[in-house]
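Work through the exercises below with the sequence and the model at hand, and try each task before reading its solution.

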Amino acid sequence: MGRYIFQRICQGVVVLLAVSFICFLIFRFTGDPVLMLAGKYATQQEREQVRIAYGLDRPFYVQYANFLGNALKGNFGKSYISQVDALDTILERFPATFELALTAIFISLSAGVLLGVVVSIKPKSLVSRLIMAGSLGGISIPTFLMGILWVMLFAVYLEWLPPFGRGETVQIGPWRTGFLTLDGLKHIIMPALTLSGYQLAVILRLTRAGMREVLSEEYIKTAWSKGLSPFTVIVKHALRNVLIPVVTIAGLSFGELIAFSIVTESIFQWPGMGNLLLVSIFETDHPVIVTYIMMAAFIILAINILVDLLYAWLNPKIQYN
Amino acid sequence: MIKNILQSNLVYSFVRDISAIAGALVLVVFIFCALFAPVLAPMDPYDLTTVELSNSLMAPAWMDTGSLSFPLGTDDQGRGILSTILFGLRTSLMVGFSVVVISSILGIIFGMLGGYYGGILDAFIMRTADTVFAFSTTLLAILLLGIFQSRNIWTVVFAICIAGWVKYARTIRGSVLEVKENAYITAAKSSGAKDFRILFRHVLPNALPPVFVLMAVDLAVVIMLEATLSFLGVGVPITEPSLGMMISIGKNYIYAGMWWMVLFPGLTLILLVVAINLFSDWLRDEMNPKLALRS
């Protein structure tokens with residue numbers, strides 16, 4: 001097991017190195033960093049000073065080593081636009097994105113598993129058919145369109161919910177939360193529903209498929225014949241075994257969650273990291289883009305390794321050698 | 001020849017599956033509309049001489065402020081919604097089919113090489129695939145397109161393919177590993193056939209069926225992804241027609257009650273995706289007899 005963890009971490013480091021190298025290439029070779037740093041109206045002499053000050057006159061590999069060294073210290077340079085440290089700019093937006101993602105994961109896991117169980121117990125009933133039709137919709141309607149349709153229904157037509165923004169927030173230490181005010185909670189409903197939509201449909205289908213398989217196993221028949229309550233049989237005996245792969249796959253699709261959080265934040269003008277990324281792309285603010293990519297890569301790889309280990313821990317049948 | 005095709009199992013099951021026929025029919029109609037958009041569309045929404053700003057923001061024809069020359073209304077530039085949808089379908093389908101063809105070819109090559117030769121080559125290809133998979137196609141495409149300075153249809157295709165080959169490589173590799181063990185491969189080897197010949201004559205044809213299913217499923221996914229990218233503003237440029245871009249523009253007008261700019265392209269997109277999904281559901285059941293028996 002220890003050997004496996006070590007291997008996975010080594011792989012992760014190699015991937016991060018590759019990503020950092022690509023990021024470095026972007027930073028160095030798309031657009032002219034000197035022009036960006038010194039400004040459009042700088043004289044030839046000023047440009048030369050900037051070139052030397054930022055080490056852009058040194059050989060390629062020295063520059064990459066510097067870039068890596070700085071990245072390890074969390075220094076990715078300053079945003080071209082705001083002249084503020086790129087990492088700080090992104091971290092400031094982190095709470096908004098985290099709260100949105102957390103709410104969405106909560107919705108998709110709880111609703112997805114619950115509906116999946118309902119559908120698998122009574123597959124022929126009207127309710128089950130409606131749920132399955134809905135899940136087909138969840139897979140066939142792209143996230144961005146779903147979000148706009150929610151806005152049209154709840155914000156424009158019914159006028160129940162605010163159409164964009166994060167609403168009133170409360171600052172607790174470094175963390176700015178929207179969970180503690182009614183206004184903040186109202187603002188998070190539609191974005192969270194939008195972000196959870198795709199994953200909800202996937203989890204529902206996985207739960208249904210797993211439950212159908214498990215419910216026909218011998219040990220479930222034994223449990224029924226012992227006269228146990230339906231709740232005990234379905235939740236304690238069947239669902240437990242189904243949940244392991246469901247949670248694993250949900251965890252492994254974390255990259256997807258980050259991608260769709262960019263889309264969701266763009267629709268609802270949610271002040272998170274995804275929105276910041278899009279703005280930075282339009283303004284070719286490379287330090288911010290590069291920092292975002294490195295951070296996303298790190299988070300995704302770390303979660304992948306954790307999910308893998310969790311899977312092995314929950315399921316003793318799996319052995320990594 | 002034609003008689004043989006008509007009597008095959010595939011055709012037999014197809015004509016008895018209503019949803020598959022409906023899906024295929026809608027898809028064919030859409031492809032037809034896309035191919036003949038210049039003829040079918042009431043106007044060319046990207047010809048500056050025919051677009052009049054004074055026609056902007058008109059409602060669909062059956063509403064009070066509508067006009068018969070713009071059946072589904074107009075957008076903020078005075079382009080007819082119906083015409084723009086027809087031209088947008090071209091972009092959707094062109095990106096969709098190009099990506100599916102290119103990434104499946106890439107995936108087949110990498111998957112076959114890895115599965116057949118094994119060893120370090122296999123490990124390298126599969127670890128790369130794992131990494132790409134972890135990042136997800138959508139995220140990689142957004143990031144790649146964010147980096148590109150100039151964007152057109154082909155940069156979008158390129159960005160999606162970079163991430164898109166992975167699914168195909170995994171599927172092909174799996175079937176190659178299975179097929180490789182068969183006696184006829186050993187026979188081909190011992191009769192002195194070259195690796196290239198074995199791969200393309202003996203291994204590939206037997207590993208293909210799951211790839212066809214994947215291509216059908218993938219087409220819907222790619223079309224949604226292109227719309228998403230264009231909606232975010234990192235897809236096709238504003239000078240090209242695209243359903244995602246139309247929805248992105250229309251989004252600014254929903255608060256003013258102008259729903260037609262979002263709803264018509266949106267419904268077109270949903271209909272297209274559902275049609276492809278219905279067709280691919282049938283194809284999956286057909287290509288995988290084990291699955292059909294179970295359900």
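**Exercise 1.** What percentage of the 321 residues in chain A is made up of buried residues?

*Solution.* Begin with the term: a residue is buried if 20 or more other C-beta atoms, placed from the backbone, lie within 10 Å of its own, exposed if 12 or fewer, and partly exposed in between. By this rule, buried residues make up 35% of the 321 residues in chain A. Before going on, note that this is a predicted model, in which local features need pLDDT of at least 70 and side-chain atom pairs count only at pLDDT 80 or more, while totals for chains, interfaces and linings use all residues. Residues are numbered from 1 along each chain as its sequence is written, and chains are lettered from A and ligands numbered from 1 in the order in which they are written.

**Exercise 2.** State the scores of the model and the confidence in chain B.

*Solution.* The model as a whole scores ipTM 0.86 and pTM 0.88. Over residues 291-295 of chain B, however, the pLDDT is below 50.

**Exercise 3.** Describe the side of chain A that touches chain B.

*Solution.* Two residues are in contact if their C-beta atoms, placed from the backbone, lie within 7 Å. The contact takes 33 residues from chain A and 31 residues from chain B. Helices (DSSP runs of H or I, at least four residues, numbered from the N terminus) that each supply at least two residues of this side include helix 1 (2-29) and helix 7 (143-157) of chain A. Helix 11 of chain A gives the most, with eight residues. Sorted by kind, the side of chain A has 23 nonpolar residues (Ala, Val, Leu, Ile, Met, Phe, Trp, Tyr, Cys and Pro), one charged (Asp, Glu, Lys and Arg count as such) and nine polar (the others, Gly among them).

**Exercise 4.** Decide how helix 5 of chain B is oriented to helix 6 of chain B.

*Solution.* The axes (lines fitted to C-alpha atoms over the stretch in contact, with angles from 0 to 180 degrees between N-to-C directions) of helix 5 (residues 81-117) and helix 6 (residues 119-135) of chain B come within 7 Å and cross at roughly 140°. That makes helix 5 of chain B oblique to helix 6 of chain B, since angles under 35 degrees count as roughly parallel, over 145 as roughly antiparallel, 65 to 115 as roughly perpendicular and the rest as oblique. Among the residues that meet are F110(B) and L113(B) in helix 5 of chain B, and L121(B) and I125(B) in helix 6 of chain B.

Notes:
pLDDT = per-residue confidence, 0-100.
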